[in-house]
Amino acid sequence: MPIIYITGPTGAGKTTIRRKLSDLGYLTFDTDEDGIAEHQDNVSGEKIDYPTNSLLLTPEWQARHAFNLSTTKMDRLADLAKEKTVYLCGAASNDLELSEYFSHIICLNIDVITAEARILAAYRLPGPGPVGGRYRRLRRHRIGRGTRSLRGHIGIVAVERRIFKTVLRIRPT
């Protein structure tokens with residue numbers, strides 16, 4: 001059975017898809033919530049704690065650290081995938097380096113306007129603008145350049161349904 005990796009930038013719908021898959025009884029994991037990935041020092045390789053103070057997230061800090069999938073934890077997921085299809089949702093700096101673990105990679109995309117709206121709504125932050133570390137993290141992600149306002153062309157719910165149906169159409173190899 002495979003490991004199907006669902007990735008994309010903040011706000012693209014990875015967590016929503018994971019929850020729906022889990023609700024349907026599929027075996028799902030999240031790179032963040034389940035600790036499959038961890039922040040590491042790029043020089044020493046040691047696990048580090050992510051700073052809770054956004055002022056510490058300087059460009060120097062960012063250049064020295066990465067959020068990487070743990071090969072030990074990926075080996076455990078591969079063992080689970082021998083019995084049942086595993087869905088891993090999230091993003092990590094080294095995901096392409098470990099692509100041999102995945103039978104399929106689904107990369108969700110989102111336009112900047114919709115991503116900002118979702119982040120602001122999820123964290124109940126005030127209107128657009130740089131407010132706090134969580135919002136600034138959005139700017140550091142590689143966000144797709146889709147339509148200027150996806151919401152104006154196709155309802156977000158319809159897009160999420162279509163993505164979800166596509167995920168379920170993937171047949172384990």
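This is a predicted model: local features need pLDDT of at least 70, side-chain atom pairs count only at pLDDT 80 or more; totals for chains, interfaces and linings use all residues.
Two strands are said to pair if DSSP finds at least two bridges between them. Leucine 27 stands opposite valine 86, a residue of β5. The strands concerned are β2 and β5, which pair in the parallel sense over four bridges.

Let me place that pair in its setting. The protein holds seven helices and six strands. Read from the N terminus, the order of elements is β-α-β-β-α-β-α-β-β-α-α-α-α. Four of the strands form an open sheet, ordered β2-β5-β1-β6, with parallel pairing. The edges are taken by β2, residues 27-30, and β6, residues 104-107; each has a single partner strand, so one side of each is left without a neighbour in the sheet. From one strand to the next, the twist averages 20°.

Next, the helices on this sheet. Helix α1, residues 14-23, lies across β1, β2 and β5, and runs at about 155° to β2. Helix α3 also packs on the sheet, where it touches β1, β2 and β5. The direction of α3 makes about 150° with that of β5.

I now come to the interior. In soluble globular proteins, nonpolar side chains tend to be buried together. Here, the largest nonpolar core has 16 residues. Which residues have the most contacts inside this core? They are Ile3, Ile36, Leu69, Met74, Leu77, Leu88 and Phe102. At least two core residues come from each of β1 (3-7), β4 (65-69), α3 (71-80) and β5 (86-89). Apart from this core lies another, of 11 residues, including Ile4, Ala12, Tyr87 and Ile110.

The charged side chains form my next topic. The structure holds five salt bridges, and I shall discuss some of them.

In one, the side chains of arginine 18 and glutamate 33 meet at 2.9 Å, N to O. Arginine 18 belongs to helix α1 and glutamate 33 to the loop between β2 and β3 (37-41), so the pair ties together parts that are 15 residues apart in sequence. Are the two partners buried or exposed? Arginine 18 is buried, with a relative accessible area of 11%, whereas glutamate 33 is exposed, at 56%. A network of salt bridges links Arg18, Asp30 and Glu33.

Another salt bridge joins the side chains of glutamate 38 and lysine 73, at 3.8 Å, N to O. This pair links distant parts of the chain, with glutamate 38 in strand β3 and lysine 73 in helix α3, 35 residues apart. Glutamate 38 counts as buried, at 17% relative accessibility. The cut-off for burial is under 20% relative accessible area, and exposed means over 50%; lysine 73, at 24%, therefore counts as partly exposed.

Arginine 64 lies in helix α2, residues 59-64, and the two partners are 23 residues apart. Aspartate 41 is buried, at 7% relative accessibility, while arginine 64 is partly exposed, with a relative accessible area of 40%.

Where does isoleucine 119 lie? Isoleucine 119 is found in helix α4, residues 112-122, and counts as buried at 4% relative accessibility. Between isoleucine 119 and glycine 11 there are 108 residues of sequence separation, yet the C-alpha to C-alpha distance is 6.3 Å.

I close with the totals for the protein. Of its 173 residues, 42% are buried. Among contacts between residues at least 6 apart in sequence, 74% join residues at least 24 apart. The protein exposes about 10,300 Å², and carbon and sulfur atoms supply 52% of that area.

Terms used
Residues are numbered from 1 along each chain as its sequence is written. Side-chain values use heavy atoms; hydrogens and water are left out. A nonpolar core is a set of buried Ala, Val, Leu, Ile, Met, Phe, Trp, Tyr and Cys residues joined through side-chain atoms within 4.5 Å. Buried means under 20% relative accessible area, exposed over 50%, partly exposed in between (1.4 Å probe, protein chains only). Axes are lines fitted to C-alpha atoms, for helices over the stretch in contact, and angles run from 0 to 180 degrees between N-to-C directions. Contact means heavy atoms within 4.5 Å. A salt bridge is a side-chain nitrogen of Lys or Arg within 4 Å of a carboxyl oxygen of Asp or Glu. Accessible areas come from the Shrake-Rupley method with a 1.4 Å probe; for residues, only the protein chains shown count as cover.
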